[in-house]
Amino acid sequence: MAPVLLQQTVVPSFGRHLVAALLLLLIGLMVLCSSELVPKRVSLQGKLNYKDAHVRDIWTLVQLGTGVVYKLPGQPLDSPGYPVPPASIVTLDCTPDPKMPTNCTKISRAEVSRVVAPVARVGTDMKLRLLVMVVSYMASSSCGARAGANVDDVLNAYTGDLGHMNFLHNCSYGQVTYSNVTVISTSLPCTRYLDQCDEESIALNARTSATNQYGPAFMSSYSRFTYVLPYGLLSACGWVGLAELSGTQTWYTPDGDGVFNKGTVLQESLHNFGIYHAWCNGSEYQDNSTAMGLGNSCPSAPELRRLGWASPLAQLDNSTLPTRTFKVFTLPATYITSEGNMIRIQPDWLPKRNYIKNLYLALRMQGGGDRDLLDEFDGKVIHTRSMRDPCKQSCW
Ligand SMILES: [Zn+2]
């Protein structure tokens, strides 16, 4: 997304030599004009949304009642200074951009009125009803036409033998499936915001167009919404996939790194479930054993456990693994079964301040959902650390 242009407020000044009558007239005009101006600060209440755009974070507030989406300059902090978690219902003061009143250039006085758990355990037997809107732009006075992806190609990317439906089904051990994937073409008149890759404008305009075309009952029959961008917006967007974390919407570029990449689509879909990126050696994305990094394979052991899709074979801690004991475990490869496919170690023998992470051991092999697991991980027991307490961000 192109950076938001901040407009400086111009304060009018008047010469002292003006006669009183003229000054009064001018003040009268200023009062009249100021009623048209954007207020300096507005109080907003709404749901805090977070989107992970690979190269940056996008924070928005969806106002309760009106549904108006306000862009925030960053994650709000509450009065003690703690970051407000995504999906919270929050009240805050917004200093609007005079040029674009739904852009808050500054936020303050955030108060959380309802905290929502940052991570949803997905659990079993979840059926997703997905509407994919393949967006194209029609030329307008603001900007030129942009072609969209081929609808059949996008449908095939989801429903083909080894497509995204199959990948999610395998990685979740059949617990989360798409019961319906519909791909439609959505043509929108180009606007400046659409051409700047404003994801909320794209979503709103695409949904409005689809509702006009197919009716509200059609739209409400879906639980997930995906937008495939027109060609040529990559540099304006700066990402190939974007997701609400957590939420129901995802966005992709129309290329082999975006909607046609199984790893990207799984990663964005799992962001919707509240799962964050995978880290390795202190670097975000660098765990290539999982789609939550840059892999085209299923989630890692802690991610699987967090999603509620797999369970440990053993949980080891000070009481179950006393010193000078020797235990043997036989781990199945994670792709084979969800039951007992990892060992979870809780090093609670460490001093409290040092015990911040749990350790997971899991055998990864190529096959099933992990057919595209990189060779470097094939047939190996991988250890992955995760934060001891469910955390808001950057856990893995
Ligand atoms: Zn991501």
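This is a short tour of a predicted model, one selection at a time.

**Whole chain.** Start with everything shown as cartoon. The protein has nine helices and 16 strands. Of its 396 residues, 36% count as buried. Among contacts with a separation of 6 or more, 64% link residues 24 or more positions apart.

**The core.** Next, select Val132, Val135, Tyr227 and Val228. Within the largest nonpolar core, which has 77 residues, these four touch the most other members. Now colour residues 126-138, strand E6. This strand gives the most to the core, with seven residues.

**Strand E8.** Move to residues 224-228. Is E8 enclosed or open? Four of its five residues are buried, so E8 is largely enclosed by the rest of the structure. E6 runs parallel to E8, and five bridges join them. Look across from Tyr227 in E8 to find Met133 standing opposite. E10 also pairs with E8 in the parallel sense, over four bridges. Here Val228 stands opposite Tyr252 of E10.

**Val228.** Stay on this residue and show its surroundings. Leaving out residues up to four places away in sequence, which residues does Val228 touch? The set includes Val132, Val134 and Val135. Gly148, Ala149 and Val154 belong to it as well. Tyr252, Pro254 and Val259 complete the list.

**Helix H8.** Select residues 262-272. This helix is mostly covered: 11 of its 11 residues are buried.

**Ala145.** Finish in a loop. Ala145 sits between E6 and helix H2 (151-159). Is Ala145 buried or partly exposed? Ala145 has 13 C-beta neighbours inside 10 Å, so it counts as partly exposed; burial needs 20 or more. Beyond its neighbours within four places in sequence, Ala145 is in contact with Tyr137, Met138, Ala139 and Cys190. Finally, draw a C-alpha to C-alpha distance from Ala145 to Ser187. The two are 42 residues apart in sequence and 9.8 Å apart in space.

Technical notes. Residues are numbered from 1 along each chain as its sequence is written. This is a predicted model: local features need pLDDT of at least 70, side-chain atom pairs count only at pLDDT 80 or more; totals for chains, interfaces and linings use all residues. Helices (H or I, at least four residues) and strands (E, at least two) are DSSP runs, numbered from the N terminus. A residue is buried if 20 or more other C-beta atoms lie within 10 Å of its own, exposed if 12 or fewer, and partly exposed in between; C-beta atoms are placed from the backbone. Two residues are in contact if their C-beta atoms, placed from the backbone, lie within 7 Å. A nonpolar core is a set of buried Ala, Val, Leu, Ile, Met, Phe, Trp, Tyr and Cys residues joined through C-beta atoms within 7 Å. Two strands pair if DSSP finds at least two bridges between them.
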